[in-house]
Amino acid sequence: MEEIELPKLEKDQKSYAGIPEAVFVDDVEQFMKESGNEDSVEKVLKNFDEQHSKYRFMEYNMVSRRRRLRQQIPDLTKNLEMIKRLREQTEDQETQFLLSEQVFVKTVMPPTQTVCLWLGANVMLEYPLDEAEELLRQNKKSAEVNLRCLEHDQEFLRDQITTTEVNMARVHNYDVKKRQAKKALGEDKS
């Protein structure tokens with residue numbers, strides 16, 4: 001299989017789908033002061049949780065798109081093979097067509113120079129074999145590039161999910177330590 005080249009990303013862009021980058025919170029105390037939420041850890045955690053939910057939603061959509069593309073590529077390959085067979089056919093050929101689920105019908109197929117392709121939205125068009133092959137090759141190449149871009153974005157998204165989860169854990173731990181320190185100060189005064 002040939003190597004598929006990904007399109008170039010713009011300067012500041014790190015994903016093809018425009019996924020926002022999660023900022024790693026290195027210094028939680030400084031972050032809490034900057035964000036103006038020194039006393040409201042719950043608000044910060046809620047924002048991180050919201051961001052985490054959005055990333056999970058994006059991940060779910062990407063997984064379904066990836067599954068669809070992984071199914072589409074072999075279908076396109078089979079269609080290209082069938083066009084090759086039709087091109088090589090010189091005499092009538094007996095075959096079976098799927099009429100409905102579990103029901104096949106025998107037929108004789110004469111040599112042909114055209115083929116009908118489903119374009120989607122219940123639209124089918126008849127193409128000469130050369131045009132159909134070109135269209136299918138373009139669709140296959142496009143699907144392969146889209147799959148690679150999607151895989152790149154999934155890796156980036158996994159990193160953003162991990163960063164957000166780490167941020168949530170760090171803010172939570174900061175809150176626990178802060179409460180323990182307040183509790184210790186309260187006991188020392190007594």
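How far apart do the end C-alpha atoms of residues 66-93 lie, and what share of the span is helix and what share strand? The end C-alpha atoms of residues 66-93 lie 37 Å apart, and the span is 82% helix and 4% strand. This is a predicted model, in which local features need pLDDT of at least 70, side-chain atom pairs count only at pLDDT 80 or more, and totals for chains, interfaces and linings use all residues. Residues are numbered from 1 along each chain as its sequence is written, and side-chain values use heavy atoms, with hydrogens and water left out. Helices (H or I, at least four residues) and strands (E, at least two) are DSSP runs, numbered from the N terminus.

**Coiled-coil annotation**

- An unreviewed UniProt entry places the feature "coiled-coil region" at residues 66-93 and 133-160; UniProt positions are given in the numbering used here, feature names are shortened, and annotations may be inferred rather than shown by experiment.
- In the span of residues 133-160, the end C-alpha atoms are 40 Å apart, with 100% helix and 0% strand.

- Ser-100 has Val-103 of strand 2 as its bridge partner, and Phe-97 stands opposite Val-105 in strand 2.
- Two residues lie between the strands of this hairpin, and Gln-102 in the turn has a positive phi of about 70°.
- Most residues other than glycine have a negative phi.
- Gln-102 has its positive phi although it is not a glycine.
- The relative accessible area of Gln-102 is 71%, so the residue is exposed (buried means under 20% relative accessible area, exposed over 50%, partly exposed in between, with a 1.4 Å probe and protein chains only).

- Ala-121 lies in the loop between strand 3 (114-120) and strand 4 (123-128).
- Six bridges connect strand 3 with strand 4, and the two run antiparallel.
- Leu-117 has Leu-125 in strand 4 as its bridge partner.
- This hairpin has two residues between its strands, and Ala-121 takes a positive phi near 55°, although Ala-121 is not a glycine.
- Ala-121 counts as exposed because its relative accessibility is 76%.

**Largest pocket**

- The largest pocket holds about 750 Å³ of space.
- Of the 24 residues that line the largest pocket, the closest to its centre are Asn-79, Met-82, Val-115, Cys-116 and Leu-117.
- Helix 2 (41-88), strand 1, strand 3 and helix 3 (129-189) are the elements that give two or more residues to the lining.
- Helix 2 supplies the largest share of the lining, eight residues.
- By class, the lining has 14 nonpolar, eight polar and two charged residues; Ala, Val, Leu, Ile, Met, Phe, Trp, Tyr, Cys and Pro count as nonpolar, Asp, Glu, Lys and Arg as charged, and the others, Gly among them, as polar.
- A pocket is an open set of points on a 1 Å grid over the protein atoms alone, where a 1.4 Å probe fits, with protein on both sides within 12 Å along at least five of seven lines; lining residues have an atom within 4 Å of a point.
- Grid points are joined across faces, edges and corners, and a volume is the space filled by probe spheres set on the points.

**Cysteines**

- The structure holds zero disulfides, a disulfide being a pair of cysteine sulfur atoms within 2.5 Å.
- Cys-116 is partly exposed at a relative accessible area of 43%, whereas Cys-149 is buried at 10%.

- Arg-65 belongs to helix 2 and is partly exposed, with a relative accessible area of 39%.
- The C-alpha atoms of Arg-65 and Leu-147 are separated by 8.6 Å, while the two residues are 82 residues apart along the chain.
- Lys-178 belongs to helix 3 and counts as partly exposed at 24% relative accessibility.
- The C-alpha atoms of Lys-178 and Glu-29 are separated by 10.0 Å, and these residues are 149 residues apart along the chain.

Notes: Pairing = 2+ DSSP bridges.
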